[in-house]
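Reader: Hi! Could you walk me through this one?

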2 protein chains.
Amino acid sequence: MTAAPLLTAAPDTIAAAARRVMARCDELARVSADAASIERVYLSPEHARVNRLAAEWMRELGMRTWQDAAGNRVGRIGDAAAPALMIGSHLDTVLDAGRYDGIAGVLMALEVVRLLRVPTADGDGWTVPLPFAIEVVAFSDEEGTRFGRALLGSSAVAGTWNDAWWTLMDADGVSLRQAFLEFGLDPARVGEAARRPDELVGYLEAHIEQGPELDRAGEALAVVSSIASARRFQLVVEGEARHAGGTPYDMRRDALLGASEAALAVERICSAEHHIVGTVGRFEAFPGAVNVIPGEVKFSLDLRGEFDGERDRVWDALARELDDIMGRRGLRWRSREVHSAPAVFCAPLLQDVVAGGIRATLPPRSEAPPVIFSRAGHDGMSLGAVTDVGMLFLRNPEGISHHPDESVAAGDVAHGIRALAEAVLLRGTERV
Amino acid sequence: MTAAPLLTAAPDTIAAAARRVMARCDELARVSADAASIERVYLSPEHARVNRLAAEWMRELGMRTWQDAAGNRVGRIGDAAAPALMIGSHLDTVLDAGRYDGIAGVLMALEVVRLLRVPTADGDGWTVPLPFAIEVVAFSDEEGTRFGRALLGSSAVAGTWNDAWWTLMDADGVSLRQAFLEFGLDPARVGEAARRPDELVGYLEAHIEQGPELDRAGEALAVVSSIASARRFQLVVEGEARHAGGTPYDMRRDALLGASEAALAVERICSAEHHIVGTVGRFEAFPGAVNVIPGEVKFSLDLRGEFDGERDRVWDALARELDDIMGRRGLRWRSREVHSAPAVFCAPLLQDVVAGGIRATLPPRSEAPPVIFSRAGHDGMSLGAVTDVGMLFLRNPEGISHHPDESVAAGDVAHGIRALAEAVLLRGTERV
């Protein structure tokens, strides 16, 4: 594999591209359901607004653009009959989010198109001098913030949409089906978003690491080897709501104390494993009055690991521990799995082009670029069902993500844009 | 002290009174902010509706009635110039409440008036043949459900209203001051609700036990010796919200895990003491997303004990434990005390008249009536600042309270009405 640059763009051009990505991240951050924080969830008015902005930016590059049947915004450039290399990430956010997670990857993909595009032969438009078209995709739901089920947008594209999801409810009791209708989408047509394997040559995504490894190692970019497997559960602990003053300890069946023990058991059992993390992120106690013993607690569990088997073994151990805790306290518990994704391994070919892109971008190094696995989930987990997946990680200072302090350095974004463009060119030359 | 009945009412009359109390408890249960449960908080439309119903029932008995400057509904019968024996309880509820807590006491007080009233000399109205007037008070806020601070209604009557409370906020960000205005009350005039000691001869209250002791002992009624001291705190644990997948355990500062340990520490430390109960009833995790480590948790602590010193010693031990837990986890914590009430001891004279009322009501027994202390708070805790307090407890099956399954037997209500009427007569004869 060569490390000689294929891209001829001047450093100033790349720096300007990176500044545009940073400025657009700021612009998108202002599209929020909450004035004091960033909150942009699936099928919301904010989702519609950022899709319109993305469409404008795609058109400005000479791309043909459409919103697909699941609310993803797609832009395409190049031969209309050729298969496409898809490059993308997502524009939805968690609650009280940062401004780069997903978003930076979409905007970097647009800058790659800007760097690679050339006028069409007739001078009427733009194309790419590659043996495939490029499609930039802004996925509509990666985080699962609204309906508790992640990767809805990319699942539609991958053709793995599940009709059982239509009855998922948001916090206001709005079903996914109803939200589709209110957004102007037709639930009966969601299948039209699905792509066939022969329409695609692969999927590439640039993303901030959402972890501290590159920052700790002093590296700007890394090749992603795989995306962690993840399972998500909604758990309910049931006890009995009773008067806080009048009920002695021997008559209490306090759901909050059972759920507190459960949260600590998640930490204890997962942290004893090497590559497993488990997180209780949502936790609600009912009825939630100062002078009433909680009779019910609902909480979420997010479980991730490099390997499916290890992750499943941990869940089994947790379930046994919950039986024990709740039995001891006279409580009942139940769980519902709301998301399950196997570990997705990046395609060797695309790992190679991403590595080649990094080598062509950063100063010569004796070692190969860092290769890490992603504990965070990404749209590529869905795309793996329909095409090859490759990912480029950018350094994320202190690993702070899903938080307003989430950051990425403009210089690293510039490196990332160049590396991603090089990777696309390498994929085109098939010199890898 | 005599045990010979003073009340001449026939058993059928008392049974009819008890049936009316049960039916009115059902009627008030339908006045709720929530169609599926009982929820009636301070200064709400439901508060106004039950006050109107209570006013109607007071007028029907020939009582003069008014809503005081803090939204309490008062009815008075007897000599306009005489001091009053106040009998009452509250009409507000917790969330997802039962239908008897407080409410039964107000309705029983009205039945006592019905049993004791006699036509006035001129035949134009009704009075009571006692050396004092009777005032029935339906307190407007005992539970503190809406503003997190209990006993607001009775504090106004006791003259212990604190202007610091005006800025207390409900869950929708409405201040107590604003809620007063919206209810049609003038915050500047709340002092007018306060009563002077010379206007009152005492305060009597009948209430379900909200605990299992009478049920376990097979007793219908008890004399209350004292009302537990209580302190309530709002606690905040601060960590850092971060990505659930990307953040390894050694970089997490998970506020939920710290707060979970805190809730378990409350149970451990309180249950090691004889007469202390501590309850975490509210517990909210932020930002509350499935894939974000909670950066902040807010929770409530309700701490009760028979003696103030024991209760305060337990709080000090808890605070040291919280320092330890949060220090170990890299978290910060803070607390704000939102309610503090010292233990209130019932007046010996009123304990005696309540005991006399029970002895006159129930079959002869070799022992004195049961005497128990109340772990639950009551309006009498406030009234203790301005007059003597006495309380009668009714058996509460299985001690279930603050829960839709809360119950009381109609037969026990009949015993309670008779015992309360006897107690009032005894107080009038001053034969005790």
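**Domains and interfaces**

Author: This is a predicted model. In chain A, the domain assignment gives domain 1 (11–228 + 343–427) and domain 2 (229–341).

Reader: Nice. How far apart do the C-alpha centres of domain 1 and domain 2 of chain A lie?
Author: Those two centres are 33 Å apart.

Reader: And how many residues of each are in contact?
Author: On the domain 1 side of chain A there are 16 residues, in contact with 14 residues of domain 2 of chain A.

Reader: What area do the two domains of chain A bury between them?
Author: About 1,200 Å², with 50% of it on carbon and sulfur atoms. On the domain 1 side, A:A343, A:F373 and A:R375 supply 37% of the area buried against domain 2 of chain A, more than any other three residues.

Reader: How many salt bridges are there between domain 1 and domain 2 of chain A?
Author: The count there is 0 salt bridges. For polar contact, the count between these domains of chain A is 4 residue pairs, both residues at pLDDT 80 or more. As for the side of domain 1 of chain A that touches domain 2 of chain A, its residues divide into 9 nonpolar, 4 polar and 3 charged.

Reader: Switching to the chains: how many residues of chain A are in contact with chain B?
Author: 62 residues of chain A, and they are in contact with 62 residues of chain B. Chain A and chain B bury about 5,300 Å² between them, 58% of it on carbon and sulfur atoms.

Reader: Which residues of chain A lose the most area to chain B?
Author: Those are A:H243, A:Y249 and A:V290, together 14% of what the chain A side buries.

Reader: How many salt bridges does that interface have?
Author: Between chain A and chain B the count is 4 salt bridges. One of them joins the side chains of A:E267 and B:R329, at 2.7 Å from N to O. The rule also finds 23 residue pairs in polar contact across the interface of chain A and chain B, both residues at pLDDT 80 or more.

Reader: Last topic, cysteines. How many disulfides over all chains?
Author: The structure holds 0 disulfides over all chains.

Reader: Is A:C25 buried or exposed, and why?
Author: A:C25 counts as buried because its relative accessibility is 1%.

Reader: What about B:C346, buried or exposed?
Author: B:C346 counts as buried too, because its relative accessibility is 3%, and the cut-off for buried is under 20%.

How values were computed
Residues numbered from 1 in each chain as written. Chains lettered and ligands numbered in written order. Predicted model: local features only at pLDDT ≥ 70, side-chain atom pairs only at ≥ 80, totals over all residues. Heavy atoms only, no water. Domains from an automatic or database assignment. Contact = heavy atoms within 4.5 Å. Buried area = accessible area lost by both parts, 1.4 Å probe. Polar contact = N/O pair within 3.5 Å; in protein donor to acceptor, adjacent residues only side chain to side chain. Nonpolar A, V, L, I, M, F, W, Y, C, P; charged D, E, K, R; others polar. Disulfide = S-S within 2.5 Å. Buried < 20%, exposed > 50% of the residue type's maximum accessible area, 1.4 Å probe, protein only.
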